[in-house]
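Dear colleague,

I am handing over the structure below, and after it you will find what came out of going through it. Please keep it open while you read.

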Amino acid sequence: MELLVVDDEETLRSVVSQVLSADGFTVSEAASGEEALEAFRAGRHQLVITDIRMSGMSGIELLSEIKSHNPETQVVIMTSHASLDSALTALRAGAYDYLVKPFESLDLISAVAARAAEKARLVEQNRELLEQLTRANLELKEANLALKEAAVRDGLTSLYNHRYFQEALAQEVARSKRFDKRCSLIFFDVDNFKHYNDTHGHPEGDRLLKGLAQIVMSHSRACDVAARYGGEEFVLLLPETAREGAVKAAEEMRARVADHPFAGRETQPLGRVTVSVGVASFPEDGCEAQALLECADQLLYRAKNSGKNRVVAAGTTPPSPA
């Protein structure tokens with residue numbers, strides 16, 4: 001442990017330094033408060049033993065400067081019998097202990113320094129334990145957030161899962177009712193996905209679904225909720241979006257999927273990977289979450305039965321193949 005002895009009386013300073021060096025401390029000396037403060041700021045002294053009365057900066061002033069720089073440093077004040085009141089002032093200011101000159105025994109110097117050093121070690125250990133606890137709490141918080149996020153995400157595509165989507169849809173419909181807002185639901189699935197799996201294998205099918213999820217996420221708003229409903233079926237919840245805007249968003253998504261260079265797309269019946277899409281809007285197509293979902297599902301199957309690779313909304317005629 002590094003220790004700094006401060007006294008403007010060279011003989012006393014030398015005696016204290018020799019005693020503490022013999023006790024195993026790495027001792028530095030300073031002949032004034034100013035010199036001590038400069039040395040303290042430049043070094044790593046965990047313990048300072050200083051006289052209380054010195055020309056220039058006093059021991060009390062040095063104590064204040066040390067504590068403002070590093071409150072964990074332990075400071076022992078040396079004083080005479082005539083200055084015991086000053087020593088008590090130093091204790092109230094944060095000094096660990098005091099020594100009275102002339103010393104009754106050199107062993108007393110060793111004993112006070114040993115206690116102060118032990119206090120410094122305990123303070124350092126407590127600081128390290130607090131840092132470890134803080135890091136552990138942060139890691140636990142991050143782990144809990146990761147677990148919470150994993151609980152609402154689909155393991156393959158990283159989109160939200162079926163359960164989370166159902167809760168989000170119910171909340172959004174309730175919010176739209178309360179504030180007289182619109183919302184829409186886009187329900188879509190991959191055309192001829194079984195054919196793709198049979199031709200290229202399930203690992204390639206999984207890669208296709210992940211690629212499709214990336215397309216959806218990269219072209220969705222922050223407020224939208226994109227989820228894997230199940231298998232090759234996906235849903236996209238659009239808050240505060242009326243039918244016209246939802247149909248436009250669905251058509252843009254359908255076109256991006258059809259134009260995307262998925263591996264093996266040329267083997268598909270339509271010569272590319274496509275999706276069929278149903279669009280339902282609140283409140284026209286359903287005033288409850290389940291009714292809205294069922295309507296979007298039915299419209300999706302209309303798109304399927306009309307030739308695939310198209311968007312169908314309520315009250316519209318299925319368009320010709322794109």
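I49 is buried, as its relative accessible area is 0% (buried means under 20% relative accessible area, calculated with a 1.4 Å probe on protein chains only). This is a predicted model, in which local features need pLDDT of at least 70 and side-chain atom pairs count only at pLDDT 80 or more, while totals for chains, interfaces and linings use all residues. Residues are numbered from 1 along each chain as its sequence is written, and side-chain values use heavy atoms, with hydrogens and water left out.

The residue I49 belongs to strand β3, residues 47-51 (strands are DSSP runs of E with at least two residues, helices are runs of H or I with at least four, and both are numbered from the N terminus). Leaving aside residues up to four places away in sequence, I49 touches L3, L4, V5, V6, L20, V76, M78 and A113, where contact means heavy atoms within 4.5 Å.

Turning to a sheet, five strands form an open one in the order β7-β8-β6-β9-β10, with mixed pairing (two strands pair if DSSP finds at least two bridges between them). Because β7 (225-230) and β10 (311-313) stand at the edges with a single partner strand each, one side of each is left without a neighbour in the sheet. Within this sheet, β6 (residues 183-190) and β8 (residues 233-239) pair in the antiparallel sense over seven bridges, and F188 has F234 in β8 as its bridge partner.

Best regards

How values were computed. Buried means under 20% relative accessible area, exposed over 50%, partly exposed in between (1.4 Å probe, protein chains only).
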